[in-house]
2 protein chains.
Amino acid sequence: MTNSAPVIVLVDPQLGENIGMAARAMANFGLGELRLVNPRDGWPNERAEVAASGAPDILENVQVFDSVAEAIGDLQYVVATTARARDMVKPVSGPKAMTAELQKRIGNDQKTGILFGREKWGLTNDEAAHADHLLTYPVNPEFSSLNLSQAVLLFGYEWYSASDAGGEVEGGVPDHPDRQPATRQELVYFFEHLEEELDKAGFLRPPEKRPSMVRSIRNIFHRTELTDQDVRTLRGIIVSLTRTFAGGEGR
Amino acid sequence: MTNSAPVIVLVDPQLGENIGMAARAMANFGLGELRLVNPRDGWPNERAEVAASGAPDILENVQVFDSVAEAIGDLQYVVATTARARDMVKPVSGPKAMTAELQKRIGNDQKTGILFGREKWGLTNDEAAHADHLLTYPVNPEFSSLNLSQAVLLFGYEWYSASDAGGEVEGGVPDHPDRQPATRQELVYFFEHLEEELDKAGFLRPPEKRPSMVRSIRNIFHRTELTDQDVRTLRGIIVSLTRTFAGGEGR
């Protein structure tokens with residue numbers, strides 16, 4: 001199952017019932033891998049088990065993480081679900097188009113995942129900034145708040161409907177067999193490296209603006225689907241630029 | 001709302017949570033009229049109100065009946081949801097085809113409704129016999145038991161998607177009127193600036209490899225559709241990084 005469907009990542013889920021119902025919805029539609037970031041009531045969770053109603057193997061294999069960054073560290077393509085337009089320069093798609101894109105990437109042997117936010121207010125901008133692509137559902141604008149497990153269900157439904165159709169699945173040959181998208185971990189190291197140097201240089205000031213500056217810099221590079229080779233090149237550039245004027249070996 | 005969407009009829013619902021979640025799902029997708037046949041815990045139901053999470057007008061207008069026959073007495077076209085094939089000579093459709101049929105009938109001013117069965121085992125054959133048409137969902141056959149509210153949700157989703165309001169968001173980066181793609185000239189200045197610094201730093205060596213190195217660096221940034229703001233940010237980064245270790249104002 002590992003690489004045949006997107007990983008589902010629930011960020012700060014509050015209610016065990018919702019986790020269990022999400023697992024049940026995943027089982028209904030052939031999704032297998034569930035990850036949790038900081039479930040409020042800890043893990044394992046008895047209410048989740050009751051609500052899963054016989055989807056136990058998904059719950060047994062749940063992985064729990066302390067942060068979104070860790071939960072998606074091994075993924076190459078990350079989608080964030082969102083109910084509202086965000087002031088982010090990222091592509092946005094509905095579930096059908098998103099499913100097609102995910103199928104294509106999985107066909108190219110990429111590891112993918114979808115972030116779902118906490119019940120009351122979804123994902124923070126910082127969390128959504130981790131994503132390559134935003135997923136939004138066509139929902140009545142006068143009552144647009146979807147229950148968490150139902151948001152998972154709707155994705156699963158579209159995913160399964162598309163898989164079931166068989167012929168519609170876009171197989172696709174990898175564009176660059178020798179070039180794989182960087183993993184999230186490689187990107188995070190790159191960002192941390194860049195931000196460390198920019199902190200030293202006093203670029204990320206004043207402090208109250210640092211978070212939004214960091215976010216917009218990260219978004220520039222997220223949009224570009226960097227390969228592992230790209231990341232090596234960019235890190236070489238940073239080392240090179242910061243070393244020049246030091247007159248020595250630098251870092 | 002009366003005749004603009006099918007009535008949702010829950011038969012013998014056991015859990016108030018499911019009634020409330022079904023009402024919420026209806027509100028998410030523009031369905032308005034909910035009827036209950038013999039809700040186990042009576043009506044009104046506080047757990048339903050909590051779970052409806054702000055879809056109160058649907059719950060306030062719920063009608064309660066003693067039998068399926070009474071609940072559908074005023075309807076002209078009735079659909080029964082079912083998870084399994086039944087030994088009945090009735091047409092069966094998936095949710096998309098069912099939605100199209102319902103739209104057609106509502107367009108002809110017919111009053112329509114959909115029956116959903118009790119949580120554990122759905123509708124009896126006698127109850128399903130009331131229907132003109134069976135509705136079934138494409139679900140993983142190895143785990144086909146859908147939660148009641150999620151079955152309502154999936155119909156609502158297809159219903160709303162087929163409506164004028166419910167079109168899927170098209171892919172692509174949303175327009176940000178204040179963010180324009182960088183001009184080619186801005187890009188060229190940026191590249192020249194970067195390459196000048198990299199030449200100084202000795203990064204673009206040996207000389208015979210310089211053209212291909214420059215090309216791959218430019219390609220990283222070409223792929224990303226930089227905005228004018230992005231280019232200013234990136235140039236600021238270069239200035240900042242090269243100035244740090246110079247100990248002065250730099251360039």
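User: How many residues does helix H9 of chain B have, and what span does the helix reach from its first C-alpha to its last?

Analyst: Helix H9 of chain B (residues 210-222) has 13 residues and reaches 18 Å, close to the 18 Å expected at 1.5 Å a residue. The expected span is 1.5 Å times one less than the number of residues. Helices here are DSSP runs of H or I with at least four residues, and strands are E runs of at least two, numbered from the N terminus. Please keep in mind that this is a predicted model: local features need pLDDT of at least 70, side-chain atom pairs count only at pLDDT 80 or more, and totals for chains, interfaces and linings use all residues. Side-chain values use heavy atoms, with hydrogens and water left out.

User: Which residues of H9(B) are buried?

Analyst: They are B:Met213, B:Val214, B:Ile217, B:Ile220 and B:Phe221. Buried means under 20% relative accessible area, exposed over 50%, and partly exposed in between (1.4 Å probe, protein chains only). Seen down the axis of H9(B), these buried residues fall within an arc of 120°, so they line one face of the helix. The arc is taken from the directions from the helix axis to the C-beta atoms.

User: Why is the pair of A:Phe190 and A:Phe221 called edge-to-face?

Analyst: Rings of Phe, Tyr and Trp (its six-membered ring) pair if their centres lie within 6.5 Å; planes under 30 degrees apart count as stacked, over 60 as edge-to-face and the rest as tilted. The ring centres of A:Phe190 and A:Phe221 are 5.2 Å apart and their planes stand at 85°, so the pair is edge-to-face. This pair links helix H8 (residues 184-200) of chain A with helix H9 (residues 210-222) of chain A, across 31 residues.

User: What are the centre distance and plane angle for A:Phe221 and B:Phe221?

Analyst: Those rings are 6.1 Å centre to centre with 65° between the planes, an edge-to-face pair again. The pair crosses between chains, from helix H9 of chain A to helix H9 of chain B. Both A:Phe221 and B:Phe221 are buried.

User: What makes A:Arg105 sit over the ring of A:Tyr77?

Analyst: A charge sits over a ring if NZ of Lys or CZ of Arg is within 6 Å of the ring centre and within 35 degrees of the ring normal. The charged end of A:Arg105 is 3.9 Å from the centre of the A:Tyr77 ring. In chain B, B:Arg105 lies over the face of B:Tyr77, at 3.9 Å from the ring centre.

User: Why is B:Arg84 called partly exposed?

Analyst: B:Arg84 has a relative accessible area of 44%, so it counts as partly exposed.

Technical notes:
Residues numbered from 1 in each chain as written. Chains lettered and ligands numbered in written order.
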